[in-house]
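Welcome! Here is a short briefing on how side chains meet in one protein model. Have a look at the structure first, then read on.

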Amino acid sequence: MSAGGRAGTHPKEPARLVLVAPSTANEFNTLKAAIFPIACWRVDDVRFEFASSFVTPDVADEMTLLAKLVKDHTRDGQKPPASVFGHADPVGDDHYNKQLSGRRAQAIYGLLTRDTALWEDLYSHPLGNDNWGVKAIQTMLKTVGHDPGAIDGVQGQKTTAAIKSFQQANGLAVDGVAGPKTREKLFLAYMDAICRDEQGSPFKLERSDFLAQGADKDGKGDYQGCSEFNPVML
């Protein structure tokens, strides 16, 4: 457990007895194992900005828990398939909660796979109070070592100077504007900073490590929102 989440292994799935019968040359007896969880990992809502999908830097503790969980269940180089579910509490409008839970799942999946395009989508398409804006830029800059001053959502001189410092350090045009190219680099640097294993090395997963292996363009099977109608249970 950690201050903002937990990770654990499920009890081993018991052996199941099945009845079989003879078949003809034109028939087959087919047994297909159901999907069952072998472990669960949870990030509480305190690791997100209020009513937002932006992942705060404190989530680093839970990412280390996940890295260990994946390592413990990797066999012969094969990781267990993963899937991310976003949840919301029953407070507020269900339609909004449904979308927010999906956006939070997208943020975690993007973080784990280092898919900066998914974060750009969340950043560029605000939804109600889920507006990353300057405050998210400031948080990321501070986390990767470029002090923007107060994390207040206002781009003053110190924040502009921090953006310029980051741009210069990353071979970008130095204009003090956190445009798409700067955001892409900043997203990736922030992801590497907050998603690390027990040794402090960046931890990531590939699309192929997820249940649907990226087959659906909207992430179905790999990440999805559940709102409050699918309660969190351990």
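## Rings and charges

Six residues, Phe-54, Trp-119, Tyr-123, Trp-132, Phe-187 and Tyr-190, come together as one aromatic cluster. Keep in mind that this model is predicted. A search of the whole structure also finds 13 salt bridges, and the points below walk through some of these contacts.

**Aromatic pairs**

- The structure contains nine aromatic pairs.
- One of them joins Trp-119 and Tyr-190, with 6.1 Å from centre to centre and 55° between the planes, which makes the pair tilted.
- Trp-119 belongs to helix α3 (residues 116-124) and Tyr-190 to helix α6 (residues 180-194), so this pair ties together parts that lie 71 residues apart in sequence.
- Why are two numbers quoted for such a pair? A pair of aromatic rings is described by both the distance of the centres and the angle of the planes.
- Are these two residues, Trp-119 and Tyr-190, buried or exposed? Trp-119 has a relative accessibility of 0%, so it counts as buried; Tyr-190 is buried too, with a relative accessible area of 0%.

- Arg-103 and Asp-130 meet through their side chains in a salt bridge, at 2.5 Å from N to O.
- This pair links distant parts of the chain: Arg-103 sits in helix α2 (residues 94-113), Asp-130 sits in the loop between α3 and α4 (133-143), and the two are 27 residues apart.
- Both partners, Arg-103 and Asp-130, are buried.

- Asp-44 and Arg-42 form a salt bridge through their side chains, with 2.7 Å from N to O.
- Asp-44 has a relative accessible area of 19%, and because buried means under 20%, this residue counts as buried.
- Another salt bridge brings together the side chains of Lys-204 and Glu-206, at 3.8 Å from N to O.
- Here Lys-204 is partly exposed, with a relative accessible area of 37%, and Glu-206 is partly exposed as well, at 41% relative accessibility.

**A salt-bridge network**

- Which residues are linked in a network of salt bridges? Lys-217, Asp-218 and Lys-220 are linked in this way.

Note on methods:
Residues are numbered from 1 along each chain as its sequence is written. This is a predicted model: local features need pLDDT of at least 70, side-chain atom pairs count only at pLDDT 80 or more; totals for chains, interfaces and linings use all residues. Side-chain values use heavy atoms; hydrogens and water are left out. Rings of Phe, Tyr and Trp (its six-membered ring) pair if their centres lie within 6.5 Å; planes under 30 degrees apart count as stacked, over 60 as edge-to-face and the rest as tilted. Helices (H or I, at least four residues) and strands (E, at least two) are DSSP runs, numbered from the N terminus. Buried means under 20% relative accessible area, exposed over 50%, partly exposed in between (1.4 Å probe, protein chains only). A salt bridge is a side-chain nitrogen of Lys or Arg within 4 Å of a carboxyl oxygen of Asp or Glu.
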